[in-house]
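Here's a quick briefing to read with the model open beside you. Have a look at the fold before going through the points.

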Amino acid sequence: MANGPGDPDPPAGHRLPARRLDSVDRDILRLLRADGRASVRSVAERVHVSRANAYARINRLIDDGVIRGFSARVDQERAGHGASAYITLKIVQDSWRSVREKLRELPGAAHIALVSGDFDVLLLVHTPDNRALRDLVLTRIQSMPEVLSTRTLLVFEETDLEPGP
């Protein structure tokens, strides 16, 4: 089975090859990104295939790891998270996996990326307020021995680029 967001990395060189998608697969993905709750029947009708074909394609996309799961888009402010920030981290070389596991445990951690450039990790967090954000950065993140330095970029406004309402 393919790796999901919580699964460990496969051993080097053992990652599944990218799935070749046809136009029907791409249309199915577009529809499900816009409405992850769409019925198989609705998807089938909109991409002009049978329900059995749509069902098989969706299951194949899931099994192949193309679709990693279904989720809701959340308005963070309305959900009680009035402060959001991107935090850049410089970390000790070769500590990515252990740092990632620690960052996953942080309250409000929404996205973690290993990146190239002036820093090593980009972390998106949502917290109830600036006090909680300060505590997260100064007490939790900067106390990790693998973290050499951080920089916090406050988010003033977000725009969801995913399709949908």
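In helix H2, Val-43, Ala-44 and Val-47 are buried, where buried means under 20% relative accessible area, exposed means over 50%, and partly exposed is what falls in between (1.4 Å probe, protein chains only). Those three span an arc of only 100° around the axis, so they sit on the same side of H2; the arc is taken from the directions that lead from the helix axis to the C-beta atoms. Keep in mind that this is a predicted model, where local features need pLDDT of at least 70, side-chain atom pairs count only at pLDDT 80 or more, and totals for chains, interfaces and linings use all residues. Residues are numbered from 1 along each chain as its sequence is written, and side-chain values use heavy atoms, with hydrogens and water left out.

**Around H2**

- On the face turned away from the buried side, H2 carries the exposed residues Arg-41 and Arg-46.
- The cover over the buried residues of H2 includes helix H1 (23–34) and H3.
- Val-49 belongs to the loop between helix H2 (40–47) and helix H3 (51–63); helices here are DSSP runs of H or I with at least four residues, strands are runs of E with at least two, and both are numbered from the N terminus.
- Leaving aside neighbours within four places in sequence, Val-49 is in contact (heavy atoms within 4.5 Å) with Val-24, Ala-44 and Ala-54.
- Val-24 is 25 residues from Val-49 in sequence, and their C-alpha atoms are 8.5 Å apart.

**How the helices pack**

- H2 and H3 have axes 8 Å apart and pack at an angle of about 105°, which makes H2 roughly perpendicular to H3.
- On the H2 side, that contact is made by Val-40, Arg-41, Val-43 and Ala-44, and on the H3 side by Arg-51, Ala-54, Tyr-55 and Ile-58.
- The axes of H1 and H3 cross at roughly 80° and come within 11 Å, so H1 is also roughly perpendicular to H3.
- H1 brings Val-24, Asp-25, Ile-28, Leu-29 and Leu-32 to this contact, and H3 brings Arg-57, Ile-58, Arg-60 and Leu-61.
- For the geometry, axes are lines fitted to C-alpha atoms (for helices, over the stretch in contact), and angles run from 0 to 180 degrees between N-to-C directions.
- Angles under 35 degrees count as roughly parallel, over 145 as roughly antiparallel, 65 to 115 as roughly perpendicular, and the rest as oblique.

**Salt bridges**

- The count comes to 8 salt bridges, each being a side-chain nitrogen of Lys or Arg within 4 Å of a carboxyl oxygen of Asp or Glu.
- Glu-45 and Arg-41 form one of them, at 3.3 Å from N to O.
- Because they are 4 residues apart in helix H2, Glu-45 and Arg-41 are separated by about one helical turn; Arg-41 is exposed, at 51% relative accessible area.
- Asp-22, Asp-25, Arg-57 and Arg-60 are linked in a salt-bridge network.
- Glu-101 pairs with Arg-100 in a salt bridge, with the closest N and O atoms 3.5 Å apart.
- Within that pair, Glu-101 is partly exposed, with a relative accessible area of 35%, whereas Arg-100 is buried at 10%.
- Glu-146 and Lys-102 meet through their side chains in a salt bridge of 2.8 Å, N to O.
- Glu-146 is in the loop between helix H5 (130–141) and strand S4 (147–154) and Lys-102 is in helix H4 (residues 96–104), so this pair ties together parts that are 44 residues apart in sequence.
- Glu-146 counts as buried at 13% relative accessibility, while Lys-102 counts as partly exposed at 32%.

**His-126**

- You'll find His-126 in strand S3 (residues 121–127), and at 7% relative accessibility His-126 counts as buried.
- His-81 is 45 residues from His-126 along the chain, with 5.6 Å between their C-alpha atoms.
- Not counting residues up to four places away in sequence, His-126 touches Gln-76, His-81, Ala-83, Ser-84, Gly-108, Ala-110 and Glu-158.

**The whole chain**

- The protein has 5 helices and 4 strands, running α-α-α-β-α-β-β-α-β from the N terminus on.
- Of its 165 residues, 27% count as buried.
- Among contacts between residues at least 6 apart in sequence, 66% join residues at least 24 apart.
- The protein exposes about 11,600 Å², with carbon and sulfur atoms supplying 49% of it; accessible areas come from the Shrake-Rupley method with a 1.4 Å probe, and for residues only the protein chains shown count as cover.
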